[in-house]
Structures are given as C-alpha cells and as structure tokens.
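Let's take a short tour of a protein model, one feature at a time. Keep the picture in view as you read.

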Amino acid sequence: MTDPSVTDLDLDFDHVPESDQSFENVLEKARTGERLTVADGVELITTGTDREGIDQRRKELVLEAADRRRAEVVGDEVTFVANLNNNVTTACNVGCLFCNFKDTAHQFETGYEAEHAGFTKTPDESRQIVTEALDFGIYEVCSVSGLHPAFALNEEHHEILRTGVDDGDRDLNYKPPEQYTTDPGTYVEQMDAMSVDGVHLHSMTPEEAYHAKRGTDWSYESVYRELREAGLASAPGTAAEILVDEVRDVICPGKIDTNDWVEAMEGAMAAGLDTTATIMYGHVENEMHRVMHLKVVRDLQDRTGGITEFVPLSFIHQNTPLFEHGVVDGGASDDEDELMIAVARLFLDNVDHVQSSWVKYGNAKGLKLLNCGADDFMGTILSEEITKRAGGQYGEYRTFDEYVDMISAIGRPAVERSTDYRQRRRIDPDDGPHGPTLGPRADGSPMLRTGHRDGGSDSAHADD
Ligand SMILES: C[S@@+](CC[C@H](N)C(=O)[O-])C[C@H]1O[C@@H](n2cnc3c(N)ncnc32)[C@H](O)[C@@H]1O
Ligand SMILES: Nc1c(NC[C@H](O)[C@H](O)[C@H](O)CO)[nH]c(=O)[nH]c1=O
Ligand SMILES: N[C@@H](Cc1ccc(O)cc1)C(=O)O
Ligand code: SF4
C-alpha cells in the first residue's frame, strides 16, 4: 500500500531558479572574487538560466574558476583526518523521507518479539569501541545517531520529560529507558564515555541538540556548554539538508526548521565549539534552493566565524522512502555534483575548506571534485552506517596508504590534519608505509585493514 503522506507531497515550490544576471558577467565577478548574490549563484550552478540543461563549456569555466579560488585560499594541499564513526543508536521516530538509517523505536521496546537490524549502544559499549580505535591511531570520533525516545540530556531532563509524559504531552517524543531493552544512557553520559584520552569528539547535530532540550526552556548554548564540559569538542552541521522550509516540509517535516537549525548552530559556537556545515542535495530541491541554502550558511558564518568546513552530501537514493515511493528517480548527476562543489567554493567566501566526501562520491569522482574547488578528502571513518543503509557502495574505510596513493596520483600534497585544521602534517609519499601521527596513541603505524574491528567486511575498493 502506498503511504498517503508520501503521495500527497507538494512539490510545487514557490522558489524556482531565476536570475536577471548574464552568465558572462557573473563568471567575471566570480573570477575576481567579488561577493556573489543568490541570483549570481543560480546563474553559475545552472550554467545560465537562459539555457535548458547544463552547458558543458560553461560548466568547465565555473569549475576552473572554483579550482583557482581554492588554490588562492588554501593552496594545493589535500587534507584528511584519522577518524572513527560511532553511531550510538538507529532508533528514531522523526521519519525523514531521505533516510534509511533509522529504525522505528517501538522495535527496541522490551516485549517486541520480531527480529530487527537496529542497534543501541550503552555508554560502556561506546567507550570500548573508541578505546579500541585509539590503538589504530585515530584522533577524531564522529558520532551521530537516531533520536532515541529514551535519550535525555541528563537526569534532570529525564525528570522534566517524565512529567511531560504524565501530562499526556505526546509531542515530546519521550519514553523512559525502562521501556527499552537497551538504555542508551544520557547524552552527557555518552559524551563522557566517548571522549577517551583526549580524542576529539565531533558530535551532537542541531537535531540532536534539539532532542537534548525538548520540553524545556533551555537555550542551545547552555545545552552545548554542558555537553562540552562532558567532553564534546565540536558539532557536525548536519540535519541541515536543505535550509529552505518549503523543501524541509517535504523531505523532513518532523525535523526542526531552518531558523531553529541556525539557532542551534549559533548556540554551539557561542558555547565555544567549532562546527561544520553541510547540504544534502540531489532529491526534490531545485538550484534556487541550493543557492538559498549557501546564503544561510554564509550569513551564519559572517556572524560567527566558527564553521571550519562545508560538506556537500550528495543524496544516496537507493533504499530511501523518497525513491521507493517514486518521488525521485535518482540522485544528483555528475554535472550537478561538480557544480555543487564549485559554486559552494565560489559563494562561501568566508568558509576556508570544502570537503569532497568519498563516502558519497567514491574514489574516482571524489578525486575529480578536488579539482573543482574542494580541498579536504574527509577521513578514514572506520564504519559507516548511514550511507551504507541508504544503498551507498563506496565502503567504510580508507587507510592512510590509500589516501596518500590517491592524492599523490592527482599531483597534490597529502596532508594529515586535526579536526579543526590547526595541526597539519605534510606526508612524504616516498616514506611509507603511512599512518596517523596526530592522535593520542598515533605513532605513525599504518592503520591496517585487517586490524580494524570490522575488518574484511568493508568494500573500500568497490568503486574502482
Ligand atoms: C542520519 S542523520 C543522524 C543524525 C541525526 N539523526 C540528525 O538527523 O541530525 C545525519 C545526516 O545524514 C544525512 N543523510 C541521511 N540519509 C542520507 C542519504 N540517503 N543520503 C545522503 N545523506 C543522508 C543527512 O544529511 C542527515 O542530516
Ligand atoms: N565525518 C564525516 C562523515 N561522517 C560520516 C557521517 O556521520 C555519516 O555516516 C554520513 O556521511 C551521513 O550522511 N561523513 C562525511 O561525509 N564527512 C565527514 O567529514
Ligand atoms: N552527514 C554526515 C556527514 C558529516 C558528518 C560530520 C561532519 O562534520 C560533516 C559531515 C553526518 O551524519 O554527520
Ligand atoms: S535523518 Fe536523523 S532525524 Fe531524520 S530519520 Fe534519519 S536518523 Fe532520524
């Protein structure tokens, strides 16, 4: 049976790609580094609103301008980090239509008999996973999770939420931990557990921060401060999707809106945390929405200065409700991916780094994008659930040797970096084997594929 909430989607958007600019004028503006307007960005990302489809010759001019800008802003180095992904739980009732990571939370309740593929880790289990990965030399833990109904910031928050539930308030998306087979602990306990031995903990998206303050009048800043005290070091600017509400209303009606996302990010930065920003594109949105999104990010960065990198995430469509219900028939094309990276580089004149995410693009395209405006090539990651569950094919792990080979093959210097880009080490390609050196236990030993706890199950070479 078709889900009526999916078939009734309103894709008749108010915002459509429009520009009163000429492509040549905007290209000249982009080349000289003048700040671009939304109309300018639309002209570039569409290769001219006066023509249908992508004009290949014009596209090359946009990519070339972005590649030059990248060289001016950050030089030729290509950076990456040694990181581990630890998703704490897949339990989530928010119901985003682009997501196949989540499992509806009732399946995690005690008494639910049927088998399911979801998981929840206790704080002790999270600590164990991080502790083991430290021995491989990682120095960043990236942790994003489903919004488990039993998650609360701390014990005080549990008390508030329990009362809310007694009042019959169903909007709180809360059920006490006793109702579940596995208790995820509180957010504070998870942060504390994952920040082992000075590892950099990158966690708590704006959506998760909202969940950690639901039902209270706490500010985002105070919530992020408490998480920071427990060990959090920076926050991922995911949950951004497309920062235009008419698109959010279609693909993630259960999520916080654009203003709330911005408020959460400001709160994180006011609490002293660095952040990243993302865009998840290539589904129902149009080019106008993509550039309006860039403007929201640029304005936020003008006010805060705390965004270290911008990460375009190309929609992985295969196993998602949007694709399965025929709302979209695929993801972004290669042209769209290239132009997204290039226009992000040209439009975001106040964000230094643009990431090419191999988990979304694979090795071959990921490398190409490093010549279209991107300068960062993500991280080793060790385990990737979100893209994999959506049907992504590009594996879960890259070793330092693979990184150095790939980056050297495009004639660029490979550089190991810390999450905040403040520490960097240029790697001599001839001096292998290569391994991380910036971590608490990183002594330069290679991160052997066989040594990884999921060893053998990844498919890092599937794309080449
Ligand atoms: C899966 S959520 C986990 C954290 C948290 N539940 C949240 O939404 O912020 C993290 C991000 O993964 C990205 N994501 C989810 N499904 C995806 C897909 N099919 N393709 C590309 N990115 C996806 C979205 O940008 C989303 O914000
Ligand atoms: N740290 C980065 C990740 N981490 C993986 C994500 O948490 C996630 O599994 C997936 O990407 C969701 O869309 N992914 C990146 O693309 N870039 C990172 O820097
Ligand atoms: N969307 C991803 C990817 C990502 C993670 C962390 C980042 O800082 C940037 C991008 C996430 O789940 O969070
Ligand atoms: S994107 Fe995040 S909030 Fe949305 S359904 Fe997936 S896990 Fe839940």
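Predicted model: local features only at pLDDT ≥ 70, side-chain atom pairs only at ≥ 80, totals over all residues.

## Around ligand 3

The residues around ligand 3 are Cys-142, Val-144, His-202, Pro-236, Thr-238, Thr-276, Thr-278, Val-311, Leu-313 and Ile-386. Sorted by class, this shell holds six nonpolar and four polar residues, with no charged ones.

Which strands each supply at least two residues of the shell? They are β6 (274-281) and β7 (307-314).

## A sheet of four strands

Next, look for an open sheet whose four strands come in the order β9-β1-β10-β11, with mixed pairing. At its edges are β9 (376-379) and β11 (424-426), each of which pairs on one side only. On average, neighbouring strands of the sheet are turned by 25 degrees against each other, direction ignored.

Within the sheet, β1 (residues 78-81) and β10 (residues 414-417) run parallel and are joined by three bridges. Here you can find Phe-80 opposite Glu-416 in β10. Helix α17 (residues 400-409) packs on the sheet and touches β1, β9 and β10. The direction of α17 makes about 135 degrees with that of β10.

## Two packed helices

Finally, find helix α2 (residues 23-32) and helix α4 (residues 56-74), which pack at an angle of about 15 degrees with their axes 10 Å apart. Angles under 35 degrees count as roughly parallel, so α2 is roughly parallel to α4. Their crossing is left-handed.

On the α2 side, the contact is made by Phe-23, Leu-27, Ala-30 and Arg-31, and on the α4 side by Arg-58, Leu-61 and Ala-65. By class, this contact has five nonpolar and two charged residues, and no polar ones.

Methods
Residues numbered from 1 in each chain as written. Chains lettered and ligands numbered in written order. Near = placed C-beta within 6 Å. Nonpolar A, V, L, I, M, F, W, Y, C, P; charged D, E, K, R; others polar. Pairing = 2+ DSSP bridges. Axes fitted to C-alpha atoms, helices over the stretch in contact; angles between N-to-C directions. Contact = placed C-beta atoms within 7 Å. Parallel < 35°, antiparallel > 145°, perpendicular 65-115°, else oblique. Left-handed = near helix turned anticlockwise from the far one by under 90°.
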